[in-house]
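Subject: Structure handover and notes

Dear colleague,

Please find below the structure I promised to pass on to you. Once you have had a look at it, read on for what was found in it.

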Amino acid sequence: MNTVTNVRLTTAVKVNASLYNQVEDAFAILSKLEFVNEVKTIKRNKLTIKQLFQNDTTPVIVLESNGPKLYFSPDTPIYFHLDTVKVKLHMLKQKKQPILIEMLNDITSNLSTFNFIDGTMGFGRDSYMTLKIFKQANIYAIEQNPLIYFVISEGMKNYLEPEEYERIHFINDDYNNWVKQNTKLVDVLYLDHMFEQTLVENDRMGELSRMTDVIQNIKPIEDYKYLIVKAHYKSHIFKKLKVTQCLRKSSKTHYGLSTKSK
Ligand SMILES: C[S@@+](CC[C@H](N)C(=O)[O-])C[C@H]1O[C@@H](n2cnc3c(N)ncnc32)[C@H](O)[C@@H]1O
């Protein structure tokens with residue numbers, strides 16, 4: 001389910017001509033999105049983020065030189081950040097594979113090219129990691145929240161080589177709609193819905209989960225060759241989507257896999 005939202009745009013306190021241009025570009029992109037109702041540009045005037053929220057609780061996107069930051073509240077911004085991707089890429093250098101990469105290696109070893117549909121882009125870390133590691137993959141990164149879609153896709157673009165930029169497509173939609181309309185493109189569909197457990201956390205993932213739909217809204221999905229699901233080990237999503245849950249004793253995060261001949 002997509003919710004319609006308003007948004008305010010402003011610059012970092014230390015402003016320059018490029019940031020003013022970025023506000024204009026952001027205004028144009030966001031105004032065209034179906035689920036954005038009203039976009040307003042506001043003068044920053046050295047105001048703190050807290051002050052921007054004093055008389056108005058509309059989300060704010062701040063255009064900064066290293067990418068846009070989204071504030072649903074003054075405390076925890078949402079933006080593209082390489083933190084956990086770096087950890088996972090470092091694991092690879094030590095010959096330890098992240099589980100998602102291990103699964104993708106197994107199921108795509110005979111394919112010269114494949115489409116990876118990240119149905120729940122969120123912070124974009126899994127899309128980014130898959131893009132970097134699988135040079136033969138085309139990535140479709142889908143995010144239903146229009147503001148998260150904007151800050152993460154624009155933020156990630158700053159970290160992409162031209163060749164990678166060509167292989168990734170950012171989409172603002174509900175993956176259920178997109179998959180139905182693009183069944184032929186769906187080789188691997190990957191879903192990483194919000195854990196119920198993250199709701200109490202006071203970090204960026206907690207902030208994301210408070211602002212987006214959690215796992216209750218899962219609909220059955222049929223159109224894929226492979227479906228990979230990541231979720232809390234107690235989650236009902238594995239049963240609901242009929243994927244085989246791969247047990248991991250050492251972690252509360254489990255992965256599930258289902259294979260279909262289309
Ligand atoms: C846990 S986050 C994903 C984190 C991501 N795997 C990463 O690497 O950063 C889940 C995201 O999926 C989005 N989402 C939930 N249901 C969706 C749907 N039906 N279609 C598209 N996006 C959805 C939420 O808005 C949220 O941003």
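The loop between strand 2 (36-41) and helix 2 (49-52) holds N45, and K46 is found in the loop between strand 2 and helix 2 as well. Please keep in mind, here and below, that this is a predicted model. Phi of N45 is near 45°, which is a positive value in a residue other than glycine, and K46, although not a glycine, has a positive phi of about 60°. Both are worth a look on the backbone, because most residues other than glycine have a negative phi.

Are these residues buried or exposed? N45 has 9 C-beta neighbours inside 10 Å and therefore counts as exposed, the cut-off for that class being 12 or fewer. K46 has 9 other C-beta atoms within 10 Å, so K46 is exposed too.

Turning to the overall layout, the protein chain is divided into domain 1, which covers 5-71, and domain 2, which covers 83-259. The C-alpha centres of domain 1 and domain 2 lie 27 Å apart, and the contact between them takes 14 residues from domain 1 and nine residues from domain 2. On the side of domain 1 that touches domain 2, the elements that give two or more residues are strand 1 (5-11), helix 1 (17-32) and strand 4 (67-71). Strand 4 supplies the largest share of that side, namely four residues. Sorted by class, the side of domain 1 that touches domain 2 has 10 nonpolar, three polar and one charged residues.

There is also a nonpolar core to look at. The largest nonpolar core has 59 residues, and of these I61, L70, I117, V151, L189 and V229 touch the most other members. Helix 6, residues 146-157, contributes the largest share of this core, with seven residues. As a general background, nonpolar side chains tend to be buried together in soluble globular proteins.

With best wishes

How values were computed: Residues numbered from 1 in each chain as written. Predicted model: local features only at pLDDT ≥ 70, side-chain atom pairs only at ≥ 80, totals over all residues. Domains from an automatic or database assignment. Contact = placed C-beta atoms within 7 Å. Nonpolar A, V, L, I, M, F, W, Y, C, P; charged D, E, K, R; others polar. Buried ≥ 20, exposed ≤ 12 C-beta atoms within 10 Å, placed from the backbone. Core = buried A, V, L, I, M, F, W, Y, C linked by C-beta atoms within 7 Å.
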